Every structure is written in C-alpha cells, then in structure tokens.
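Please look over the sequence and the three-dimensional model shown here before reading on. The paragraphs that follow lead through the structure step by step.

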Amino acid sequence: MIHGFRDFILRGNVIELAIAVVIGSAFTALVGAFTTNIISPVLAAAGGVDASGWGFPVRPGNDATFVDIGALVTAIITFLITAAVVYFLFVVPMNRANARLRSLSASQEPEEEPTPVDIALLTEMRDLLKEISARDARP
C-alpha cells in the first residue's frame, strides 16, 4: 500500500501539479498586490472623496451595510488579469507546441507493422505448396 502511494507521489504529474500550485500562489500574491496598490487607489479616486471607493450604504450610518462595488470591480479585474496571463503564458504556447507535434507526426510516413510470425510462416507454406503443385502440373 505504501509502495503504491510512493509510486503515485513520484509520478511526474503529481510533481508538476505541486509546482503549479506553488507558482499559482506566488502569482496570486503578485496580482493581489497589483490590484491593492494600483487598481484600488484608482477606483477610490474615481469614486469621489470617500476613500471607500465605489459603493453605497443600504442603511446610511451603518458601515456593515455598505455595498462595495469597488471590491467587486477589483476582483473582476484581478480575475481577468490572472486569466489573461495564464492564457498567454501557458495555454497559447502549449497549443502551438501540440500543433507542431501533430504536424510533425502527420508528416512522417506511417511505419509498416511487422508481419506476425505465424502469418509469415503460413504465407511461406502457401507459396511452397503453389510451387510444388506447379511442378507436378507440368508435363
């Protein structure tokens, strides 16, 4: 049971997945810092003098009822930035590499499959029988 678990962990896919999680976490921190330090101040400046940015209170005077549209816009921008980077840095190059591999494999001539031994032997026997019957049929 432990041997199977070790084989599972040491398989390339699990290690690649772990690397992707670590890189994804670092990238999330980078995008989070970008939106917190650049996008949020721009949204707050566009929202007026109030530093809370775009939004409105459902019940005036109660901060717990504030609907923060700026936070939603920031989350959408964060998602779009993350999706664009993942698409252009990972998906597009991988699709190009796969297309190149497909075109290379399609351009190569398909290899002939070797004839199984029993079929080759039967074919040889048939040819010998034809030869013998052709010799016997001659006058």
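**A guided reading of the model**

Arg126 and Asp127 join their side chains in a salt bridge, with 3.2 Å from N to O, where a salt bridge is a side-chain nitrogen of Lys or Arg within 4 Å of a carboxyl oxygen of Asp or Glu. The structure holds one salt bridge. Arg126 counts as partly exposed because its relative accessibility is 44%, and Asp127 is likewise partly exposed, with a relative accessible area of 34%; here buried means under 20% relative accessible area, exposed means over 50%, and partly exposed is what lies in between, with a 1.4 Å probe and protein chains only.

The model is a predicted one, in which local features need pLDDT of at least 70 and side-chain atom pairs count only at pLDDT 80 or more, while totals for chains, interfaces and linings use all residues. Residues are numbered from 1 along each chain as its sequence is written, and side-chain values use heavy atoms, with hydrogens and water left out. The predictor's confidence in each residue, called pLDDT, runs from 0 to 100; for the protein chain its mean is 78, and 83% of the residues reach 70 or more.

Taken as a whole, the protein chain has four helices and two strands, which follow one another from the N terminus in the order α-α-β-β-α-α; helices (H or I, at least four residues) and strands (E, at least two) are DSSP runs, numbered from the N terminus. Of its 139 residues, 6% count as buried. The chain exposes about 11,700 Å², of which carbon and sulfur atoms supply 68%, the accessible areas coming from the Shrake-Rupley method with a 1.4 Å probe, and for residues only the protein chains shown count as cover. When contacts (heavy atoms within 4.5 Å) are taken between residues at least 6 apart in sequence, 30% of them join residues at least 24 apart.

Helix H2 (12–46) and helix H3 (69–107) each supply at least two residues of the patch, and H3 gives the most, with six.

Tyr87, which lies in helix H3, counts as partly exposed because its relative accessibility is 41%. The structure holds one aromatic pair. The rings of Tyr87 and Phe88 have centres 5.1 Å apart and planes at 80°, so the pair is edge-to-face; rings of Phe, Tyr and Trp (its six-membered ring) pair if their centres lie within 6.5 Å, and planes under 30 degrees apart count as stacked, over 60 as edge-to-face and the rest as tilted. Phe88 is exposed, with a relative accessible area of 55%.

Two further places complete the tour. Ala46 belongs to helix H2 and counts as exposed, at 53% relative accessibility; its C-alpha atom is separated by 9.8 Å from that of Gly70, 24 residues apart along the chain. Thr65 lies in the loop between strand S1 (55–57) and strand S2 (66–68) and is partly exposed, with a relative accessible area of 22%. Not counting residues up to four places away in sequence, Thr65 touches Phe56, Pro57, Val58 and Arg59.
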